[in-house]
Amino acid sequence: CGMNLSVCLRGECCTSTCFSPSVSECGQPRLNTRIVGGQDAPAGSWPWQASIHEFNSHICGGSLINSQWVLTAAHCFSSDNTADFIIYLGRQSQQGSNPNEESRTLTQIILHPDYNNPANDNDIALLKLASPVNFTDYIGPVCLAQSGSSIHAGTDSWVTGWGHIRSGGNTATFTEVEVPVVGNRQCNCDYGVDSITNNMICAGLRDGGKDSCQGDSGGPMVSKQNNRWIQTGIVSFGQGCALPNFPGVYARVSRYQSWINSHISRNQPGFITFTSTGTDSDLSIFFLSLPPLPPPLLKEGAKEMKRNTKLNIKINKLMNR
């Protein structure tokens, strides 16, 4: 009977390989039929987008990964206390009517145990909804990049959320922006050697102008492969917003498949290997020395990092050996 996804809709297999039910339904928005960027996102275009509210105000974004779990950033939370949080799905605007939305309280917040606040490493968290949501034209799960995915510099990516439209600007309606992946070697050149770990992925234009910003934290960065949208990153931090030579920095989703599945035992998210073709241009990047930078800005709504961390600068002595 072959390897058609429909073979495994009920967990049945006719070969040694079986797709999970989550893979059969993830990353396929029913209403996203066009490719445009830098503007308000039409309703239903990104049905996995979540809005995290604390004390009735939007603080962060997130992504629906199955009917009862949301993926987001650890820095959005100061503890695992679920009180005062509401998650909205199918929401289009932070003001006015949202006829397609559902809301849920939380029963669990799971922060990555190795989340490092000063370094922003392992900036990932899982949220368990109090009850499952129904999938509709406006609410549905995203696929996640599987462990071992290769995502080369220049990979076309989309970031969505309700963040500021510019650094220090006002919170906008639900928007989408198209940005290319920036390789980790180049991103380390931009931010300072060793500041970008293998648990991170960067994206943005060299000239600036397009980026995630405050209020977008925890939201998804996705790329399309064949007919599937796959989440490759989680909005984490950056140097301002949309500045030249300072791409946005995201938690690299493919590094956390085992951790995610260890907490979601039933109806596990749909993981798909993302594969870039050709040679990664980032492999040609090298550097001798880099100046220190002021501390980066977490892209959480109206919350700046109150710290003064000195970046460790290493000089690669490639000459005069």
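**Strands, core and cysteines**

Mentor: Start with leucine 64: its bridge partner in S4 is valine 70. Strands here are DSSP runs (E, at least two residues), helices likewise (H or I, at least four residues), and both are numbered from the N terminus. This is a predicted model, where local features need pLDDT of at least 70, side-chain atom pairs count only at pLDDT 80 or more, and totals for chains, interfaces and linings use all residues. Residues are numbered from 1 along each chain as its sequence is written, and side-chain values use heavy atoms, with hydrogens and water left out.

Trainee: How many bridges join S3 to S4?

Mentor: Two, and the strands run antiparallel. Strands count as paired if DSSP finds at least two bridges between them.

Trainee: Which strands close into a barrel?

Mentor: Six of them, in the order S2-S3-S4-S7-S6-S5, with antiparallel pairing.

Trainee: What about the largest nonpolar core, how many residues has it?

Mentor: It has 42 residues, and Ile65, Leu71, Leu126 and Ile260 have the most contacts inside it. Such a core is a set of buried Ala, Val, Leu, Ile, Met, Phe, Trp, Tyr and Cys residues joined through side-chain atoms within 4.5 Å. Buried means under 20% relative accessible area, exposed over 50%, and partly exposed in between (1.4 Å probe, protein chains only).

Trainee: What does isoleucine 260 touch?

Mentor: Leaving out residues up to four places away in sequence, isoleucine 260 touches Ile65, Leu71, Ile124, Leu126, Leu144, Pro269 and Phe271. Contact means heavy atoms within 4.5 Å.

Trainee: New topic. How many disulfides does the structure hold?

Mentor: Three. A disulfide here is a pair of cysteine sulfur atoms within 2.5 Å. In one of them, cysteine 26 and cysteine 143 have their sulfur atoms 2.0 Å apart.

Trainee: Why is the disulfide of cysteine 26 and cysteine 143 right-handed?

Mentor: Because the torsion about its S-S bond is about 95 degrees. Cysteine 60 and cysteine 76 form another, with sulfur atoms 2.1 Å apart. That link has -95 degrees about the S-S bond and is left-handed.

Trainee: And cysteine 187, which cysteine is it joined to?

Mentor: Cysteine 202, at 2.0 Å from S to S. Cysteine 187 sits in helix H2 (residues 184–191) and cysteine 202 in strand S11 (residues 200–203), 15 residues apart. Cysteine 189 is in no disulfide, and the nearest cysteine sulfur, that of cysteine 187, is 9.4 Å away.

Trainee: Is cysteine 189 buried or exposed?

Mentor: Buried, because its relative accessible area is 16%.
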